[in-house]
Amino acid sequence: MKPLQLSYLAVLVILAGCNSTPTPSPEGGTPIQVQLNWYPETEHGGLFQALADGSYQAEGFDVTIQPGGRATPIGPELALERAQFAIANADDVIVYRQQGIDVVAVMAAMQNHPRCILARKDSGVESFADLRGKTLQRQAGRAFVEFMRSKGILDGVKEVPYHGSIASLVGDPNIVIQGYSCAEPLLAEQQGVPVNTLMVSELGFNPYSSVLVTTGKLIREQPDLVRRFVAVTRQGWRNYLTDGSQGNAAILTVNEEGMTPEALEFGARVMRDLAMPDAAGVETVGTMTAQRWSELFEQLTALDLVDPEKVRVEDCYTLDFVD
């Protein structure tokens, strides 16, 4: 993973040899930094697409995308105004509010969450019920882990830290790992290890993902800026899900150690079903509903991850920019 920021000018240079012509745009623009929650991958594709095709610049934004990692402080980066927008999961947004950080979700690219548990096909794990006796690499304290625990799924499972790699899975059939269905399954198969993909959403825990977030302060002080940025980012996602070649080329320049062109193409295909389930049209990309947020809030409250006396679900999101 290269410790870089990717800016519009860098993208112009990168794509100069590709079969694409970024849209001409005005000089300069309003500086916007977007903090990612993970290394650049397909779950950030709409942002990179809007950067690569010149959409952000044409709208008057000078956008820099800051890669994340295993412990990226999304909430503090926004609170300290080092970033104006960021990418997070919906459950993380509610937890940030619990911590007293004024984070607000303004659009959700993925209607279904790509979170999964990966097991080698020769491991004997074909369902969540088969995890007993295995070793699970996971990020401790994450909401999906606590949800699985509450359902008894982790009974008899040894839990160890997740290191952001499929290496242990490849080397040992008794190890299963957390992952995203849009990336790790193909990476494993490219190393000659077919896997079974167990989707956590099928257990009933399905927060929005690839959620664009900002602060309540920015919404109050510059609602037009937020509206314009949401609109162009939604279009970036629509373009990416239609033809993500430019976005993938941009992602590859800052994550060539962790990604391959084949993995990005695979991920973009998977993301289409996650963003537009049940044959929904591309115009629906980015939408959210109050019902989904309320259901998630109730789940986190039941897991004792959120105190309803301290957090109101209606403060965690706004639908004003995705009407």
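**Reading the helices and loops**

Tutor: Helix α11 passes helix α12 in a right-handed crossing; a crossing is right-handed if the near helix is turned clockwise from the far one by less than a right angle, and left-handed if anticlockwise. The contact is made by Asn-248, Ile-251 and Leu-252 of α11 and Pro-261, Leu-264, Glu-265 and Ala-268 of α12, where contact means heavy atoms within 4.5 Å. By class, five of these residues are nonpolar, one is polar and one is charged. Ala, Val, Leu, Ile, Met, Phe, Trp, Tyr, Cys and Pro count as nonpolar, Asp, Glu, Lys and Arg as charged, and the others, Gly among them, as polar.

Student: What kind of model is this, and how are residues numbered?

Tutor: This is a predicted model, in which local features need pLDDT of at least 70 and side-chain atom pairs count only at pLDDT 80 or more, while totals for chains, interfaces and linings use all residues. Residues are numbered from 1 along each chain as its sequence is written, and side-chain values use heavy atoms, with hydrogens and water left out. Helices (H or I, at least four residues) and strands (E, at least two) are DSSP runs, numbered from the N terminus.

Student: At what angle do the axes of α11 and α12 cross?

Tutor: Two packed helices are described by the angle between their axes and the distance between the axes. Axes are lines fitted to C-alpha atoms, for helices over the stretch in contact, and angles run from 0 to 180 degrees between N-to-C directions. The axes of α11 (residues 245–254) and α12 come within 10 Å and cross at roughly 135°. That makes α11 oblique to α12: angles under 35 degrees count as roughly parallel, over 145 as roughly antiparallel, 65 to 115 as roughly perpendicular and the rest as oblique.

Student: Which residues of α5 and α13 meet?

Tutor: Take the geometry before the residues. The axes of α5 (residues 90–98) and α13 (residues 290–302) come within 10 Å, crossing at roughly 60°. This angle makes α5 oblique to α13, and the crossing is right-handed. On the α5 side are Ala-90, Asp-91, Val-93 and Ile-94, which meet Trp-293, Leu-296, Phe-297 and Leu-300 in α13. The contact of α5 with α13 divides into seven nonpolar residues, no polar ones and one charged.

Student: How is α2 placed against α10, and which classes of residue make the contact?

Tutor: Helix α2 (residues 45–52) packs on α10 at an angle of about 100°, with the axes 7 Å apart. The two helices are therefore roughly perpendicular to each other. Gly-45, Gly-46, Leu-47, Gln-49 and Ala-50 in α2 meet Val-232, Thr-233, Gly-236, Trp-237, Asn-239 and Tyr-240 in α10. The contact of α2 with α10 has five nonpolar, six polar and no charged residues.

Student: Is Arg-234 buried or exposed?

Tutor: Buried means under 20% relative accessible area, exposed over 50%, and partly exposed in between (1.4 Å probe, protein chains only). Arg-234, in α10, is buried, with a relative accessible area of 7%. Leaving aside neighbours within four places in sequence, Arg-234 is in contact with residues including Met-107, Glu-283, Phe-321 and Asp-323.

Student: What is the relative accessible area of Val-93?

Tutor: Val-93, in α5, is buried at 0%. Not counting residues up to four places away in sequence, Val-93 touches Ala-88, Val-103, Ala-105, Val-213, Trp-293 and Cys-316.

Student: Which residues other than glycine have a positive phi here?

Tutor: Most residues other than glycine have a negative phi, and most peptide bonds are trans. Among the exceptions is Glu-81, with a positive phi of about 65°. Glu-81 lies in the loop between α4 (74–79) and β4 (85–88) and is partly exposed, with a relative accessible area of 46%. Another is Asp-278, whose phi is near 55°. Asp-278 lies in the loop between α12 (261–275) and α13 and is exposed, at 79% relative accessible area.
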